[in-house]
Amino acid sequence: MSEQVDNLIRKEYAAGFHTLIDADTLPPGLNEDVVRFISAKKGEPDWMTEWRLKAYRAWTEMAEPDWAKVKYPPIDFQKISYYSAPKSMDDKPQSLDEVDPELLATYEKLGIPLHEQEMLAGVAVDAVFDSVSVVTTFRKKLWEAGVIFCPISEAVHDYPELVKKYLGSVVPQKDNYFAALNSAVFSDGSFVYIPKGVRCPMELSTYFRINEMNTGQFERTLIVAEEGSHVSYLEGCTAPMRDENQLHAAVVELVALDNAEIKYSTVQNWYPGDAEGKGGIYNFVTKRGICHTNAKISWTQVETGSAVTWKYPSCILKGDNSVGEFYSVALTNNYQQADTGTKMIHLGKNTRSTIIAKGISAGKSDSSYRGLVRINAGAEGARNFTQCDSLLIGDQCGAHTFPYIESRNPSAIVEHEATTSRVSDDQMFLCQQRGLDAEKAVSMIVNGFCREVFRELPMEFAVEAGKLLEVSLEGSVG
Amino acid sequence: MSEFQQQALELARQQQAPDWLAPLRTSGADQWAQAAWPTRRTEQWKYTPLIPLQKTWFNRWGEPDLAQAGSIDWIDPEASRLVFVNGRFAADLSSNDLPAEVVRFAEAGPEQRALIEQHLGQVVDSERHLFAALSNAWTDDGVLLHVPAGQQLSGPLYVVHVSTPEAEPTPAGQRLLIVLDSGAQASVVEHFASTADSQSGFVNSLTEVVVGDNARFRHCRVHLEQEDLIHVGGVHVNLGRASHMNGFTLAQGSRLKRIDYQINHRGEGAELVLNGIYLPRNRQLVDYHTNVEHCVPHCTTSETFRGIIGDSSRAVFNGRIHIHPDAQKTLAELSNKNLLTSDRAEVDTKPELEIYADDVRCAHGATVSQLDPTALYYLQSRGISRLEAEVMLSFGFINELLREAPEPALQAWLRRHLNVLLGRPEQLTRHLDTGIEDSLS
């Protein structure tokens with residue numbers, strides 16, 4: 001039976017898409033041929049094409065989730081083009097003079113060096129200036145350590161065994177609507193493999209991966225840390241990112257084998273839309289990690305961008321004594337909406353998890369914490385501590401908390417606490433009395449409010465994150 | 001429409017109700033018929049499957065057995081009480097001299113009828129509460145308590161609902177409407193009881209309360225039915241300006257027990273204290289859903305629920321606090337603590353905050369754990385057996401809430417009742433004689 005099915009599939013494959021292969025950009029729409037086309041464009045082996053098709057078929061039978069506390073006009077998935085060749089140099093702005101001055105002003109405030117501004121704004125620059133040498137040095141160092149760090153499309157060719165084994169092992173194709181969509185049409189992303197016992201010699205950052213800027217709207221990241229290894233990975237950057245694709249549906253999978261540790265930090269600052277909330281990015285992300293015995297996964301995120309954020313970095317604490325952490329700052333301003341949080345699934349004995357979530361709402365925005373802590377019957381001695389604090393700035397915004405706690409083991413201890421308050425008049429008075437203006441005072445208070453999370457960020461990110469909050473909150477006071 | 005929905009409508013058709021209740025019954029039946037049957041994907045019923053209800057076939061209303069019902073342990077035999085047995089009013093078991101403020105729907109005079117028509121089904125949002133729609137459709141009788149402005153109800157009013165076994169499963173509806181005019185005061189105890197025999201009935205209860213400006217309302221609702229009984233109930237309250245409500249509720253588990261509390265702060269300066277205890281065991285389930293709507297500024301809410309979950313039972317708690325825009329200067333706190341006393345017990349708790357105003361102070365907390373081993377060790381080191389220590393600590397866990405129950409007679413009665421319940425092996429209830437309730441209180 002399955003053989004027949006297989007034959008049938010292959011038959012379609014032979015006839016279906018060949019005419020399309022030469023095209024550079026696909027017309028809007030999504031069907032099996034489009035998925036095959038994307039796969040063929042990337043020269044993927046058959047198993048990968050099949051994998052994508054399985055995801056696509058699952059996706060067609062799924063419904064878009066509607067439980068999150070976000071509102072956006074319905075997305076017509078048939079009106080999106082799922083493949084376009086990278087922009088040619090001619091289409092790009094030729095110099096910074098052609099770039100939106102508002103964007104440049106923000107770069108200026110964040111203190112971004114000129115050549116980086118060019119790169120971020122997508123200016124056509126011939127050679128990738130200094131960073132070429134930087135990247136080469138980095139690659140050499142990583143190579144010596146045995147660390148694999150490459151685009152996932154390369155990994156499919158170069159390390160098919162690893163990709164086959166781990167891709168979809170944490171976030172299966174059918175996991176949820178957006179994960180299924182991503183699995184079917186993912187453009188590119190990072191693949192990281194840390195061999196047994198290796199401590200990655202440097203913090204890995206998407207920033208230093210060549211072609212990073214063109215990973216497109218369906219990014220896929222897979223990080224595998226072998227036994228006893230350690231890696232810290234940074235994603236995104238503090239500079240605001242413009243993107244012509246409104247819908248972003250990324251998937252990140254982390255695998256921490258016995259005694260391994262993965263630290264994943266994100267700073268997300270996609271375009272949030274204008275002050276009226278028009279044109280911002282929809283960011284629907286599925287991030288999940290699995291911890292084997294004694295392993296540890298730590299998620300840290302600073303979310304300030306996007307019009308709509310839907311994101312729940314999670315940990316499956318499968319092995320005994322494994323540890324999951326989630327530190328988050330989500331800031332919304334104007335008409336932004338964020339529904340974010342985490343899931344901690346305790347399966348192994350003596351598993352521990354910590355959740356610290358800070359939500360800041362300003363303007364007319366809405367920010368929600370939505371989290372799940374599940375203690376399964378076998379999770380003897382499990383421990384969870386959750387703290388969610390919300391800060392409201394202005395009386396037009398909303399801050400919400402939806403924690404789900406499911407406990408099935410009496411020896412487990414689960415604690416959840418949440419508070420909501422505003423920047424108090426007393427605090428403001430004290431700061432202003434000391435000569436700070438209202439805006440500076442708010443930014444200081446907000447920074448203090450987020451300190452527990454910033455402390456978890458790698459040094460240089462932490463400094464930038466503070467500045468980022470300041471810029472994002474502009475105009476919300478007074 | 002699910003099979004159960006159809007059965008329920010058929011049952012409504014079998015009833016003989018006063019004509020003036022027809023509009024409420026019809027609209028309730030329409031809503032019930034059109035409502036989507038909850039599944040695991042329905043957020044409100046995510047952890048509470050309605051399967052026990054669906055699996056039971058109800059095709060006629062119950063016939064009360066007064067002799068059996070009379071044998072139950074009244075909480076305060078001296079207090080005024082109205083007794084319903086399997087949903088039917090039992091005059092023989094009720095007090096002869098009920099206060100003038102109390103009347104059954106069936107005997108309501110024109111003025112009272114106007115009041116019922118004005119408020120009944122208006123406090124509850126039956127669009128959002130499926131079983132409230134059913135209650136509307138099933139309303140053929142009920143109790144109205146109306147305390148006029150500035151008056152005080154002389155003593156607590158007990159409304160007792162007793163379930164007795166029947167040859168086949170039967171449903172029962174229970175409806176209570178309380179209207180306190182401005183400055184009025186009243187204390188009401190709702191007692192849901194059953195005889196000990198196995199029985200597979202279904203109780204659908206609904207209490208609506210309008211608390212007027214400056215009125216004070218004390219309310220206790222205890223659900224102590226036998227474990228085969230299914231109970232879905234709701235308490236819906238509108239609080240007026242500067243009014244005060246002190247609520248207390250306790251539930252033992254059953255095959256399916258779901259209680260909704262919906263409190264709306266409608267007038268500025270209203271205060272709410274709501275405490276609850278749930279004690280499922282064996283293979284029982286208790287589900288408490290509470291929702292407090294802060295629609296206006298300057299109101300306070302203090303809500304505490306605690307549960308002890310034993311054996312293979314399950315507890316579900318969902319506590320939502322919703323602060324509307326402009327409801328500034330709100331103070332709201334919610335705490336939910338759970339003790340799991342067995343490897344097979346499960347708790348699913350979800351305290352929710354939804355906040356749209358900035359000048360507010362809101363907090364919620366939830367914990368799940370077992371009895372503190374060091375406390376157990378301490379007691380054992382003082383020569384107290386482990387089992388007894390467990391009973392003492394469990395009792396201590398809920399005693400705080402019990403102490404705040406607004407009706408002293410109920411407190412004393414519950415202490416006795418809980419001592420028996422928690423100290424199931426008989427030798428452990430010996431501290432009953434040594435007056436532990438005094439030392440604890």
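Axes are lines fitted to C-alpha atoms, for helices over the stretch in contact, and angles between N-to-C directions run from 0 to 180 degrees. The legends below describe close-up views of a predicted model.

**View 1. Packing of helix 10 and helix 11 of chain A.** Helix 10 of chain A spans residues 425–433, and helix 11 of chain A spans residues 438–449. Their axes lie 9 Å apart and meet at an angle of about 125°. Helix 10 of chain A and helix 11 of chain A are therefore oblique to each other. The crossing of helix 10 of chain A and helix 11 of chain A is right-handed. Helix 10 of chain A contributes A:Gln427, A:Met428, A:Cys431 and A:Gln432 to the contact, while helix 11 of chain A contributes A:Ala438, A:Ala441, A:Met444 and A:Ile445. By class, the residues of this contact are 6 nonpolar and 2 polar, with no charged residue.

**View 2. The contact between the two assigned domains of chain A.** The domain assignment of chain A places domain 1 at 2–79 and domain 2 at 102–423. To their contact, domain 1 of chain A gives 23 residues and domain 2 of chain A gives 22 residues. On the side of domain 1 of chain A that touches domain 2 of chain A, helix 2 (32–41) and helix 3 (46–60) of chain A each provide at least two residues. Helix 3 of chain A has the largest share of that side, with 8 residues. The residues of this side of domain 1 of chain A comprise 16 nonpolar, no polar and 7 charged.

**View 3. Packing of helix 2 and helix 3 of chain A.** The crossing of helix 2 of chain A and helix 3 of chain A is right-handed. A:Glu32, A:Val35, A:Arg36 and A:Ser39 of helix 2 of chain A meet A:Met48, A:Thr49, A:Arg52, A:Leu53 and A:Tyr56 of helix 3 of chain A. Among the residues of this contact, 4 are nonpolar, 2 polar and 3 charged.

**View 4. The interface of chain A and chain B.** Chain A and chain B each give 31 residues to their contact. On the side of chain B that touches chain A, strand 18 (346–355) and strand 19 (361–369) of chain B are the elements that give two or more residues. Strand 18 of chain B gives the most to that side, with 10 residues. By class, the side of chain B that touches chain A holds 13 nonpolar, 8 polar and 10 charged residues.

View 5. Strand 19 of chain A, residues 398–407, is joined to strand 18 of chain B by 6 bridges. The two strands run antiparallel. A:Ser407 has B:Val347, in strand 18 of chain B, as its bridge partner.

**View 6. The contact between the two assigned domains of chain B.** In chain B, the domain assignment gives domain 1 as 3–267 and domain 2 as 373–441. The centres of domain 1 of chain B and domain 2 of chain B, taken over C-alpha atoms, are 31 Å apart. Domain 1 of chain B puts 11 residues into the contact, and domain 2 of chain B puts in 8 residues. Strand 7 (185–194), strand 9 (216–223) and strand 11 (244–252) of chain B each supply at least two residues of the side of domain 1 of chain B that touches domain 2 of chain B. The largest share of that side, 3 residues, belongs to strand 11 of chain B. This side of domain 1 of chain B is made up of 7 nonpolar, 2 polar and 2 charged residues.

**View 7. Packing of helix 8 and helix 9 of chain B.** Helix 8 (residues 386–403) and helix 9 (residues 408–422) of chain B pack with their axes 11 Å apart, at an angle of about 155°. That angle makes helix 8 of chain B roughly antiparallel to helix 9 of chain B. The crossing of helix 8 of chain B and helix 9 of chain B is right-handed. From helix 8 of chain B, B:Val391, B:Ser394, B:Phe395 and B:Leu402 meet B:Gln411, B:Leu414, B:Arg415, B:Leu418 and B:Leu422 of helix 9 of chain B. The residues of this contact are 6 nonpolar, 2 polar and 1 charged.

Methods
Residues are numbered from 1 along each chain as its sequence is written. Chains are lettered from A and ligands numbered from 1 in the order in which they are written. This is a predicted model: local features need pLDDT of at least 70, side-chain atom pairs count only at pLDDT 80 or more; totals for chains, interfaces and linings use all residues. Helices (H or I, at least four residues) and strands (E, at least two) are DSSP runs, numbered from the N terminus. Angles under 35 degrees count as roughly parallel, over 145 as roughly antiparallel, 65 to 115 as roughly perpendicular and the rest as oblique. A crossing is left-handed if the near helix is turned anticlockwise from the far one by less than a right angle, and right-handed if clockwise. Two residues are in contact if their C-beta atoms, placed from the backbone, lie within 7 Å. Ala, Val, Leu, Ile, Met, Phe, Trp, Tyr, Cys and Pro count as nonpolar, Asp, Glu, Lys and Arg as charged, and the others, Gly among them, as polar. Domain bounds come from an automatic or database domain assignment. Two strands pair if DSSP finds at least two bridges between them.
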